[in-house]
Amino acid sequence: MAKITYIEHNGTEHVVEVANGLTVMEGARDNNIPGIEADCGGACACSTCHVYVDPSWVEKLPAKDDMEEDMLDFAFEPDPERSRLTCQLKVSDALDGLIVQMPEKQI
């Protein structure tokens, strides 16, 4: 399990434990975290699970693959360094303490 902090655009924090093997997106969905829509259900076919990763975590995450990079082009105000799609982040013990912030809106 990993404890993940999801921060809404308005600053409201949600700290939840997410089981290893799920994605950060599934953790948000399963815990009714507002701000992550996940319209495609995790198929990396939309950008509605876009978040900004806390700067201290950017280098600790696996690199984005080409498909994620392409989908981020459709996200609301993507940040070249911090933007990630939560459907592409697999939860493991290594993600314990991860902090992500939702954008103002999802497209």
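Student: Which residue forms a salt bridge with R84?

Tutor: First, a word on what we're looking at: this is a predicted model, where local features need pLDDT of at least 70, side-chain atom pairs count only at pLDDT 80 or more, and totals for chains, interfaces and linings use all residues. Residues are numbered from 1 along each chain as its sequence is written, and side-chain values use heavy atoms, with hydrogens and water left out. A salt bridge here is a side-chain nitrogen of Lys or Arg within 4 Å of a carboxyl oxygen of Asp or Glu. With closest N and O atoms 2.8 Å apart, the partner of R84 is E68.

Student: How many residues apart in sequence are the parts that R84 and E68 tie together?

Tutor: Helices (H or I, at least four residues) and strands (E, at least two) are DSSP runs, numbered from the N terminus. R84 and E68 form a salt bridge. R84 sits in strand β4 (residues 83–85) and E68 in helix α2, so the parts they tie together are apart in sequence by 16 residues.

Student: Is E68 buried or exposed?

Tutor: Buried means under 20% relative accessible area, exposed over 50%, and partly exposed in between (1.4 Å probe, protein chains only). R84, at 6%, counts as buried. E68 has a relative accessible area of 1%, so E68 is buried.

Student: Which residue does D30 meet in a salt bridge?

Tutor: The structure holds two salt bridges. D30 is partly exposed at 44% relative accessibility. Its side chain comes to 2.9 Å, N to O, from that of R29.

Student: Where is N32, with its positive phi?

Tutor: Most residues other than glycine have a negative phi. N32 isn't a glycine, yet its phi is positive, about 55°. N32 counts as exposed because its relative accessibility is 66%. Its place is in the loop between α1 (24–30) and β3.

Student: And A38, is that one buried or exposed?

Tutor: A38 also lies in the loop between α1 and β3. It isn't a glycine either, and has a positive phi of about 55°. Its relative accessibility is 16%, so A38 counts as buried.

Student: How many bridges join β1 to β2?

Tutor: Two strands pair if DSSP finds at least two bridges between them. β1 (residues 2–7) and β2 (residues 13–18) run antiparallel, and they form a hairpin with five residues between them. T5 stands opposite V15 in β2. The number of bridges joining the strands is six.
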